[in-house]
Amino acid sequence: MREALALALHGAGATSPNPMVGAVVVAGGEIVGRGYHPRAGDPHAEVFALREAGPRARGATLYVTLEPCAHWGRTPPCTEAIIGAGIHRVVAAMVDPDRRMEGRGLRRLAEAGLVTQVGIAEAQARRINEAYVKHRTLGVPFVTAKWAMTLDGRIATRSGESRWISGEASRAAVHELRAACDAILVGVGTVLRDNPALTARTAAAPRNPARIVLDSTLRIPLDARVLARDGTPVLVATTPRARPEAKAKLEAMGVQVVTAGAPDGRVDPATLLRELGRRGVLSVLVEGGGAVLGAFADARLIDKVMVFVAPMLIGGPAPVPLAGRGVERLADAARLGRVEVRRLDGDVVVEGYAATDAPWGRTEARG
């Protein structure tokens with residue numbers, strides 16, 4: 001199963017809206033077939049593993065990180081390929097939370113006479129597909145909040161200069177993080193100040209994630225780099241306060257404009273996430289600035305936090321990562337769980353989960 005989990009990661013950033021899945025076929029104590037799902041629309045992991053195993057699949061055991069599918073989609077059901085190959089036993093890390101599945105695949109295999117088992121390395125499998133599991137469970141994307149800051153908690157100087165707080169290794173890691181997400185989200189303030197491209201500049205990136213900008217009144221310049229017509233979907237979330245002529249100009253450029261207003265006149269993050277979920281977006285990387293990150297934090301919409309801390313001091317009235325309302329009592333603060341800390345050259349990276357009891361992050365396994 002460890003081998004299957006490692007194989008699944010080869011599909012990072014390319015399989016959405018499908019999950020990442022790895023599979024291995026074992027015969028006589030030896031792995032005779034390996035496979036992973038490379039991208040949406042391609043054959044699933046089980047099919048590749050069975051092809052490599054060939055005749056040796058008969059009577060063998062198939063280890064797969066997610067329950068095999070039993071429904072027709074863009075590809076045929078994997079259950080029928082497994083049965084047809086003569087597999088004797090199927091071991092799945094977890095049940096597929098998709099409402100079309102939820103155990104149906106394993107039941108089909110059992111009805112065909114195969115031995116089935118589920119729950120091996122379930123915690124690891126859920127973590128690999130945490131965005132898929134959340135989307136299929138609640139219908140909204142998995143939200144990762146990311147920022148770079150100094151040791152004294154500043155994300156820029158008092159004049160707004162922020163390039164570069166983090167080092168080259170950290171910036172490279174951010175591009176890998178972007179490549180694994182379906183969408184990157186920033187506020188219009190970041191666009192006006194930094195004019196970012198919001199691309200995943202890494203050779204391993206299968207595609208650039210969609211670009212999302214929160215802009216209550218549609219102040220975004222039409223020549224902003226995030227609006228580049230490069231084939232990457234661009235969505236601007238706004239409110240009823242936006243000027244109709246500004247909306248028309250953006251839509252004429254191919255930009256998707258979504259109205260998601262809150263009572264305070266700003267974009268409502270929860271409404272936006274529901275709309276993104278309906279559009280099949282599984283994961284969103286929120287990069288800021290402070291007002292946007294603060295809005296997501298205040299609404300308790302952040303699932304995971306990734307912070308790059310540089311050994312640098314700025315001081316003074318400089319911007320901070322979370323500029324929302326915040327909390328009055330420490331008891332109300334969001335505490336991270338499953339925290340991991342590592343070094344990237346001179347920076348320290350802190351990663352943790354803000355919703356450790358959520359169904360897409362739980363660690364118990366079913367036997």
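Author: Let's start with contact, which here means heavy atoms within 4.5 Å. Helices (H or I, at least four residues) and strands (E, at least two) are DSSP runs, numbered from the N terminus. This is a predicted model, where local features need pLDDT of at least 70 and side-chain atom pairs count only at pLDDT 80 or more, while totals for chains, interfaces and linings use all residues. Residues are numbered from 1 along each chain as its sequence is written, and side-chain values use heavy atoms, with hydrogens and water left out.

Reader: Fine. Which residues of helix H3 are buried?

Author: First the idea: an α-helix has 3.6 residues a turn, so residues three or four places apart point the same way. Buried means under 20% relative accessible area, exposed over 50%, and partly exposed in between (1.4 Å probe, protein chains only). In H3, residues 78–85, the buried ones are Cys78, Thr79 and Ile82. They sit on the same side of H3, because their arc around the axis is only 105°; the arc is that of the directions from the helix axis to the C-beta atoms.

Reader: How do I read the core, and which residues touch the most other members of the largest one?

Author: In soluble globular proteins, nonpolar side chains tend to be buried together. A nonpolar core here is a set of buried Ala, Val, Leu, Ile, Met, Phe, Trp, Tyr and Cys residues joined through side-chain atoms within 4.5 Å. The largest has 41 residues, and Val25, Leu62, Ile82, Ile87 and Val90 touch the most other members. At least two residues each come from helix H1 (2–8), strand S1 (22–27), H2, S3, S4, H4, helix H5 (122–128) and helix H6 (130–138). Another core lies apart from it, with 29 residues that include Leu235, Leu272, Leu276 and Val284.

Reader: What does Val90 touch?

Author: Leaving out residues up to four places away in sequence, Val90 touches Leu62, Val64, Pro68, Ile82, Leu109, Leu114, Val115, Thr116 and Gln117.

Reader: On to the backbone. Where are there cis peptide bonds?

Author: Look at omega. From Arg163 to Trp164 the bond is cis, with omega near -5°, and Trp164 is in the loop between strand S6 (142–150) and helix H7 (168–180). Gly288 and Gly289 are also joined by a cis bond, omega about 10°; Gly289 is in the loop between strand S11 (283–288) and helix H11 (290–298).

Reader: Now charges. How many salt bridges are there?

Author: Side chains of opposite charge can pair when their charged atoms come close. A salt bridge here is a side-chain nitrogen of Lys or Arg within 4 Å of a carboxyl oxygen of Asp or Glu. By that rule the count is 21. Take Glu130 and Lys304, with N to O at 3.4 Å: Glu130 is in helix H6 and Lys304 in strand S12, so this pair links parts of the chain 174 residues apart. Both Glu130 and Lys304 are buried.

Reader: What about Glu287 and its partner?

Author: Glu287 forms a salt bridge with Arg178, the closest N and O atoms being 2.8 Å apart. Glu287 belongs to strand S11 and Arg178 to helix H7, 109 residues apart, and both are buried.

Reader: How does Asp42 compare: buried or partly exposed?

Author: Asp42 is partly exposed, with a relative accessible area of 22%. Its side chain meets that of Arg39 in a salt bridge (2.9 Å, N to O), and Arg39 counts as partly exposed at 46%.
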